[in-house]
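Subject: Structure handover

Hello,

Here is the structure I said I would pass on. My notes on it follow below.

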Amino acid sequence: PGARVGTCSARRTAQVLAARPDVSIVPLRGNVPTRIDRVVRGELDAIVLARAGVSRLGLDAHVTEVLPLDRVLPAPAQGALAVQCRADDRELAALLTVLDDDAARGAVEAERTLLHALRGGCLVPVGAFAREHTGGFLLTAGVFGVAPTRSVRVEVAGADPRELGESAAAILLDRGAGEILNAFNRTARIPAPGAAELAVAGVVDRQESR
C-alpha cells in the first residue's frame with residue numbers, strides 16, 4: 001500500500017490503478033536503463049515497462065513480474081519490429097517481403113485497425129493484443145478510464161484482421177468507450193492506411209510486449 005509506481009502511460013496508469021488503487025503513480029520519462037535506475041536507487045518502488053524492450057536490451061534480470069493480459073493489455077502493435085522502405089521503391093519492397101511474418105503482420109494490422117477506428121493515437125488509454133486463433137485471430141481490446149468502472153473490454157475472433165479490428169472498435173464504442181476517450185486530447189499519430197510516405201515491407205518479429 002502506498003507504493004510509488006512509475007509510468008508515463010495513461011493506458012498503464014488506468015490498468016494499474018484498476019488492479020491496485022492503493023498505489024501512487026509517479027510520472028516516468030527517459031530510456032529503459034534510466035527508468036530502471038530510478039528503482040535501483042530507491043526513488044521508486046516499481047516501474048511498468050514493455051517486456052519486449054527490456055528483453056532486447058538484455059535487462060531481464062530486473063523483471064520481477066510479468067503482468068497477465070487479463071490485468072494489463074499492451075498498446076496496439078507494441079512489441080512488433082518492422083522493416084520500412086520508401087513507398088515508391090517497389091524493387092526494395094519486394095526484396096524485403098521475404099522477411100514478413102504472416103502471424104505478426106495480421107496481429108499488428110488488427111490492433112492498428114482498432115486504434116484507427118477509435119480515432120486514437122499513442123497517448124490514448126487503448127490496449128489491444130491479437131494472436132492466432134483457429135484459422136484466424138483472437139483480439140482482446142480495451143479502453144480504460146482512471147476509474148475502474150469506466151473501463152470497457154472486449155474479445156473478438158475473426159479471420160480478417162481489419163474486419164476484426166473494426167468489429168472490436170464498434171463493440172467498444174457501443175459499450176461507452178467514446179465517453180472515456182472524449183476525456184483525452186485525441187490526436188492520431190499514426191497515418192491512415194495509404195497516406196504514409198513509408199511502407200511497411202515486413203513485420204519481422206513480435207515479442208512479448210506487456
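Strands β6 and β7 run antiparallel and are joined by seven bridges. Within that pairing, leucine 139 has valine 156 in β7 as its bridge partner. Please keep in mind that this is a predicted model.

The sheet

β6 also has a partner in β5: strand β5 (residues 126-133) and strand β6 (residues 136-143) pair in the antiparallel sense, over eight bridges. One of the pairs there is valine 126 with valine 143 in β6. The hairpin of β5 and β6 has two residues between the strands, and threonine 134 in this hairpin takes a positive phi near 40 degrees.

Taken together, three strands make an open sheet with antiparallel pairing, in the order β5-β6-β7. The edges are β5 and β7 (152-158); each has a single partner strand, so one side of each is left without a neighbour in the sheet. On average, neighbouring strands of this sheet are turned by 15 degrees against each other, with direction ignored.

The helices

Helix α5 lies across β5 and β6 and runs at about 145 degrees to β5. α5 (residues 102-117) also packs with helix α6 (residues 161-174), at an angle of about 35 degrees and with the axes 7 Å apart. The crossing of α5 past α6 is right-handed.

Which residues meet in this packing of α5 with α6? From α5 come Gly106, Glu109, Ala110, Thr113, Leu114 and Ala117. On the α6 side are Pro161, Arg162, Leu164, Gly165, Glu166, Ala168, Ala169, Leu172 and Leu173. The residues of this contact divide into nine nonpolar, three polar and three charged.

Glutamine 15

One residue in another part of the chain is worth a separate note. Glutamine 15 is located in helix α1 (residues 10-19). Is glutamine 15 buried or exposed? Its relative accessible area is 2%, and the cut-off for buried is under 20%, so glutamine 15 counts as buried.

Neighbours within four places in sequence left aside, glutamine 15 is in contact with Arg71, Val72, Leu73, Phe144 and Arg153. Serine 151 is 136 residues from glutamine 15 in sequence, while the two are 8.8 Å apart in space, C-alpha to C-alpha.

Regards

Terms used
Residues are numbered from 1 along each chain as its sequence is written. This is a predicted model: local features need pLDDT of at least 70, side-chain atom pairs count only at pLDDT 80 or more; totals for chains, interfaces and linings use all residues. Side-chain values use heavy atoms; hydrogens and water are left out. Axes are lines fitted to C-alpha atoms, for helices over the stretch in contact, and angles run from 0 to 180 degrees between N-to-C directions. Helices (H or I, at least four residues) and strands (E, at least two) are DSSP runs, numbered from the N terminus. A crossing is left-handed if the near helix is turned anticlockwise from the far one by less than a right angle, and right-handed if clockwise. Contact means heavy atoms within 4.5 Å. Ala, Val, Leu, Ile, Met, Phe, Trp, Tyr, Cys and Pro count as nonpolar, Asp, Glu, Lys and Arg as charged, and the others, Gly among them, as polar. Two strands pair if DSSP finds at least two bridges between them. Buried means under 20% relative accessible area, exposed over 50%, partly exposed in between (1.4 Å probe, protein chains only).
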